[in-house]
Amino acid sequence: MYARRQPADREPDTSARPPLVRELLLVAGLFLVYKFGRQAANGHVEEAFRNAGHVWDFERAVSLPGEGAVQGLLLHSETLVHLANTYYATVHFPATLLFLVWLYWRRPRHYVWSRRILAVLTGAALALHLLFPLAPPRMLDAAGLVDTGQVYGPTVYGDTPATDSMANQFAAMPSLHFGWAVMVAVGLIVATRSRWRWLWLLHPAVTLFVIVGTANHYWLDALVVSALLAVAFAALRLPQPSRARVYLPWPSAAEVASGVAGPGAAAVASGAPVPAGATALARSGAPR
């Protein structure tokens, strides 16, 4: 019994594509839940700064490189700082949205898997934001870092973090900027077959450089979200496509004699070619 191998870049399997309206409502609902959840976690100022001190001390204790080394590279050029701030402010959501849209139309099976991974990752991140409020390194005096968004612009955050109604600035752990970027890269690498697909890893690499260099995240924020992603990948496997089974293309002599199945019927039904001599072999009553 043989299985026919499907081409890598086949046409989209429309049967795997969920209804568009349902997906739009689902993704929008998940986004709103996340935004309102982050707002609910806002305001824990003292706890957020206390946790920031613990994270900073832990990173130094385990000899992680200082975030200031990365920021020093950015501060050599005001243009580079502007580019990093712009990348942080404008790439995160649009890149993830375009990733999901492309998968929905071109790789529906990968879309469902990726959407599930992102939903689980975001839910776990929201729980950590509620349980472990964390001030970013740009706010921590001990770090001695520059708030590049406020100093050079552009920034997505308000001047007073404690009363910022647009975003929870004390939700640094884990970094969804980095987590979503890794998922976009992994999802596109898995869903495509181009020899250049590994270049998608540049997206999380640049994102990591940006979030640390702009002092919006600690190294530990990226490490924690990577661990959460690893758990999500292990728990939610990409479903394998159904493959048509192709049976040996000749029936038994008894089937031929009774007229139940003609020679090569199984192969014809599956679209497989009938080997030469199969008909004669079947008619002769030879064993399969």
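**Cavities and a helix pair in a predicted model**

By the rule used here, the count comes to 2 cavities of 30 Å³ or more, where a cavity is a set of points, on a 1 Å grid over the protein atoms alone, at which a 1.4 Å probe fits but cannot get out. This is a predicted model, in which local features need pLDDT of at least 70 and side-chain atom pairs count only at pLDDT 80 or more, while totals for chains, interfaces and linings use all residues. Residues are numbered from 1 along each chain as its sequence is written, and side-chain values use heavy atoms, with hydrogens and water left out.

**View 1. The largest cavity and its lining.** The largest cavity has a volume of about 80 Å³, a volume being the space filled by probe spheres set on the grid points, which are joined across faces, edges and corners. Of the 13 residues that line this cavity, Asn85, Tyr88, Gly149, Thr155 and Asn216 are the closest to its centre; a lining residue has an atom within 4 Å of a point. Two or more residues of the lining come from each of helix 4 (78-90) and helix 7 (148-152), and helix 4 gives the most, with 3 residues. Helices here are DSSP runs (H or I, at least four residues) numbered from the N terminus. By class, the lining of the largest cavity has 5 nonpolar, 6 polar and 2 charged residues, where Ala, Val, Leu, Ile, Met, Phe, Trp, Tyr, Cys and Pro count as nonpolar, Asp, Glu, Lys and Arg as charged, and the others, Gly among them, as polar.

**View 2. The second largest cavity.** About 70 Å³ of space lies in the second largest cavity, and the residues that line it include Tyr88, His92, Trp180, His203 and Ile211. Helix 9 gives the most to this lining, with 4 residues. The lining of the second largest cavity divides into 7 nonpolar, 5 polar and no charged residues.

**View 3. Helix 6 beside helix 8.** The axes of helix 6 (residues 108-131) and helix 8 (residues 176-191) come within 11 Å and cross at roughly 165°, the axes being lines fitted to C-alpha atoms over the stretch in contact, with angles that run from 0 to 180 degrees between N-to-C directions. Helix 6 and helix 8 are therefore roughly antiparallel to each other, a term for angles over 145 degrees.

Methods:
Angles under 35 degrees count as roughly parallel, over 145 as roughly antiparallel, 65 to 115 as roughly perpendicular and the rest as oblique. On a 1 Å grid over the protein atoms alone, a cavity is a set of points where a 1.4 Å probe fits but cannot get out, and a pocket is an open set with protein on both sides within 12 Å along at least five of seven lines; lining residues have an atom within 4 Å of a point.
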